Amino acid sequence: MTIYETIKAAISVKQAAKHYGLNVNRNGMVCCPFHNDRHPSLKLNEDYFYCFGCGAKGDVIDLVARLFDLSSYEAAQKLAADFGIDPKPPTAVAMVKPKRPYIRQFREDEMLCFRVLTDYLHLLEDWKVRYAPKTPEEALDDRFVEACQMIDYIEYLADYLTFADEEEGFEVVKSMKETGYLEDLKYLSGSRDEEDVYAEEAKAA
Ligand SMILES: [Zn+2]
């Protein structure tokens with residue numbers, strides 16, 4: 001075992017957080033020490049932490065390294081000393097790389113989801129007014145129909161994402177991405193050249 005493995009096996013993220021004075025609530029959440037956090041948004045799991053506010057993530061060593069501005073090795077040494085663990089000589093030091101790129105990707109995806117939803121919603125709201133039939137006899141404009149069909153659902157999704165707690169948000173974003181719905185929305189909310197698209201569709205029909 002490397003010193004990192006020894007430490008991680010011996011001390012949970014939650015234990016370390018408590019030991020260093022973070023106020024852990026019963027859901028295992030704390031106010032994030034890495035951003036200006038007024039409501040607890042950093043989740044402590046057994047072997048890693050994750051902040052839904054700023055995306056900070058890592059294992060117990062990363063937590064301590066960031067809390068005290070230490071290198072991974074210094075953090076491991078500190079944990080060993082503070083918890084009375086005898087670290088083995090670090091002959092085979094394996095650096096622990098936190099999976100930050102993944103979390104950064106999630107934050108980007110979340111912002112993108114929210115942006116395409118609101119863009120599309122604004123477009124639909126505009127269409128619903130602009131292309132509404134002026135008389136009962138008038139044939140319905142495709143854009144008006146699309147607006148009527150989609151607006152409630154898109155509004156619901158945008159609201160849901162706005163008010164979802166962080167884990168729900170995470171699930172929505174994940175599923176929007178995996179099902180390809182995000183790509184669809186990107187197209188729908190994008191700068192479709194309205195006249196061209198409908199002309200193309202008319203030609204294809
Ligand atoms: Zn944070």
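Read along the sequence, the protein runs α-α-β-β-β-β-α-α-α-α-α-α-α. The model is predicted: local features need pLDDT of at least 70, side-chain atom pairs count only at pLDDT 80 or more, and totals for chains, interfaces and linings use all residues. Residues are numbered from 1 along each chain as its sequence is written.

**Exercise 1.** State how many helices and strands the protein has, and describe how the strands are arranged.

*Solution.* Step 1: helices (H or I, at least four residues) and strands (E, at least two) are DSSP runs, numbered from the N terminus. The protein has 9 helices and 4 strands.

Step 2: two strands pair if DSSP finds at least two bridges between them. The 4 strands form an open sheet in the order 1-2-3-4, with antiparallel pairing.

Step 3: strand 1 (29-30) and strand 4 stand at the edges with a single partner strand each, so one side of each has no neighbour in the sheet.

Step 4: strand 3 and strand 4 pair in the antiparallel sense over 2 bridges. Phe49 has Gly58 in strand 4 as its bridge partner.

**Exercise 2.** Find the buried residues of helix 3 (residues 60-68) and the elements against which they pack.

*Solution.* Step 1: a residue is buried if 20 or more other C-beta atoms lie within 10 Å of its own, exposed if 12 or fewer, and partly exposed in between, with C-beta atoms placed from the backbone. Of the 205 residues of the protein, 22% count as buried.

Step 2: in helix 3 the buried residues are Val60, Ile61, Asp62, Leu63, Val64 and Ala65.

Step 3: these residues pack against helix 1 (3-10), helix 2 (13-19), strand 3 (49-51), strand 4 (57-58) and helix 4 (72-82).

Step 4: after helix 3 comes Asp69, with a positive phi near 55 degrees.

**Exercise 3.** Describe the largest nonpolar core and the contacts of Leu79.

*Solution.* Step 1: a nonpolar core is a set of buried Ala, Val, Leu, Ile, Met, Phe, Trp, Tyr and Cys residues joined through C-beta atoms within 7 Å. The largest has 24 residues, of which Ile7, Ala16, Val60, Ile61, Val64 and Leu79 touch the most other members.

Step 2: helix 1, helix 2, strand 2 (42-44), strand 3, helix 3 and helix 4 each supply at least two residues of this core. Helix 3 gives the largest share, 5 residues.

Step 3: two residues are in contact if their C-beta atoms, placed from the backbone, lie within 7 Å. Neighbours within four places in sequence aside, Leu79 is in contact with Ile7, Ile11, Ala16, Val60, Ile61 and Val64.

Step 4: a second, separate core of 12 residues includes Cys113, Val116, Leu117 and Leu123.
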